[in-house]
Amino acid sequence: MLNGEPWSLPSGDAATILAVKPNWSQDTICQHLGEDYRWGSVVPPIYQTSLFVFDTVDALQKRIMDNDYSLPDSQYVYTRDGNPTTSITEQKIAALEGTEKCRLVGSGMAAISAAILACTQAGGHVIATNASYMPTKSLLETFLSRFGIETSFVDGRDLDAVKAAVKPNTTLIYMESPGTFMFHIQDIRAIVQIAQEIGLSTVIDNSYCSPIFQQPAKFGVDYVVHSATKYLGGHSDIIAGAICGSSERMARLIPAEGMLLGAVIDPFAAWLMMRSIRTLPLRMERHEQSATKIATWLQRHPMVEEVFYPGLPTHEKYDLHRSQATGASGLLSFRPTFADDRDAVCRFAESLRLFQIGISWGGHESLVAPIIAKETGDRWIVRLSVGLEGVDDLIEDLDSSLGTKKAPPASGGELPA
Ligand SMILES: *Cc1c(COP(=O)(O)O)cnc(C)c1O
């Protein structure tokens with residue numbers, strides 16, 4: 001026996017804040033909820049450990065027998081099952097989403113696949129918005145079909161289409177609002193109502209808004225999932241996912257999809273996310289401010305045909321989005337007037353300086369991604385992830401590149417630097 005006391009978070013200790021304080025603002029939750037202030041350390045340690053030891057065989061057996069995943073402060077056993085560093089970050093995200101529990105996993109796709117699997121079975125049927133993230137669509141269309149689960153993709157903006165897709169074997173309606181190419185908005189309340197009337201589960205990918213701007217569990221969504229690689233991570237240095245839901249739902253998901261599929265988050269990644277979450281409300285506010293300024297500026301630019309951004313009053317579902325979310329984030333797209341000229345689109349993207357060409361989003365740095373897909377009407381759009389640089393510098397960058405998209409002079413001319 002090395003340690004006199006079995007290791008556990010000392011509940012009731014004046015130096016440890018564990019309980020969810022219902023009156024705390026999101027800003028305060030980000031700083032203090034779930035923190036472990038033992039030794040007066042203002043930053044919690046990284047418990048970079050795979051297992052936790054016990055003083056007696058009895059203690060180990062008891063912990064394994066009474067495995068109660070709903071207790072955040074019970075003795076930890078093994079990091080695939082839980083870890084004190086990870087659990088601080090999980091408690092913060094659960095409180096921000098307004099759910100009882102959150103489980104962090106190794107990627108956004110791990111969160112999405114776990115939540116979908118928790119709501120499906122062989123012979124079942126899923127309804128999903130056709131604005132879903134592409135790998136999510138592949139999971140449903142080509143992977144889960146191997147296990148006898150079929151999916152109908154519908155225009156999630158159209159409630160009649162959602163209703164008409166219901167079959168006797170439907171078990172799940174999957175949402176993503178806003179989508180991340182064309183920013184289609186679904187009516188979350190109405191879709192939850194359709195689902196609840198006939199006893200279907202609901203899952204939503206809330207990566208775009210983050211819990212700062214949208215908390216879908218308030219409307220009754222059963223599982224809220226995140227690519228925490230995006231805003232929750234915020235600094236383009238981790239791959240991670242989060243699943244949020246009620247204690248009852250999560251008590252079923254964690255021992256099954258959580259423990260058995262094994263897509264565990266590393267404690268260091270969870271610690272980096274905890275650090276990022278401290279500035280999440282500030283970052284979201286700045287991403288929104290800058291993206292709104294850029295979207296408004298693009299709308300007036302002669303080389304721009306159309307701007308897609310849920311924060312613009314001209315967005316087709318602006319009022320609906322405002323009724324279910326408090327903001328729009330830093331991701332937007334636009335259709336340039338040269339959208340049918342691939343070379344011009346490439347020259348535009350390649351001559352940007354601050355916006356670098358890359359396919360992720362949600363980090364501190366601005367990114368540009370030209371996209372052509374069925375969802376974009378088989379015409380090019382340019383997607384921008386507006387980062388935390390000075391917005392006027394970003395606008396200047398866009399302005400000078402919109403002027404250089406013309407073909408370079410025939411006689412060996414160079415693109416302007
Ligand atoms: C990136 C992304 C995902 C997948 O997240 P990973 O962390 O890369 O697995 C899921 N949904 C949306 C909307 C995304 O943009």
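Q: Helices (H or I, at least four residues) and strands (E, at least two) are DSSP runs, numbered from the N terminus. With that settled, where does P178 lie?

A: P178 is found in the loop between β4 (170-176) and α7 (188-197). This is a predicted model, in which local features need pLDDT of at least 70 and side-chain atom pairs count only at pLDDT 80 or more, while totals for chains, interfaces and linings use all residues. Residues are numbered from 1 along each chain as its sequence is written, and side-chain values use heavy atoms, with hydrogens and water left out.

Q: Is the peptide bond from S177 to P178 cis or trans?

A: The bond from S177 to P178 is cis, and its omega is near -5°.

Q: What about S210, is its phi positive or negative?

A: S210 has a positive phi of about 65°, although it is not a glycine. S210 belongs to helix α8 (residues 210-213).

Q: On to the ligand. Which residues come nearest?

A: There are 13 residues around the ligand (a heavy atom within 4 Å). Of these, G108, M109, D205, T229 and K230 come nearest.

Q: Which atom of G108 lies 2.8 Å from a ligand oxygen?

A: In G108, a backbone N or O atom lies at that distance from an oxygen atom of the ligand. This falls under polar contacts, pairs of N or O atoms within 3.5 Å. K230 places a polar side-chain atom 2.7 Å from a ligand oxygen atom, and for W361 the distance from a polar side-chain atom to a ligand oxygen atom is 3.0 Å.

Q: Which residues make the contact?

A: M109, I112, S113 and I116 of α4 meet P135, T136, L139 and L140 of α5, contact being heavy atoms within 4.5 Å.

Q: And α11 with α14, how do they cross?

A: The axes of α11 (residues 280-299) and α14 (residues 391-402) come within 10 Å and cross at roughly 30°. That makes α11 roughly parallel (under 35 degrees) to α14. α11 passes α14 in a right-handed crossing. The contact involves S290, K293, I294, W297 and L298 of α11 and V391, D392, L394, I395, L398, D399 and L402 of α14.

Note on methods: Axes fitted to C-alpha atoms, helices over the stretch in contact; angles between N-to-C directions. Parallel < 35°, antiparallel > 145°, perpendicular 65-115°, else oblique. Left-handed = near helix turned anticlockwise from the far one by under 90°. Polar contact = N/O pair within 3.5 Å; in protein donor to acceptor, adjacent residues only side chain to side chain.
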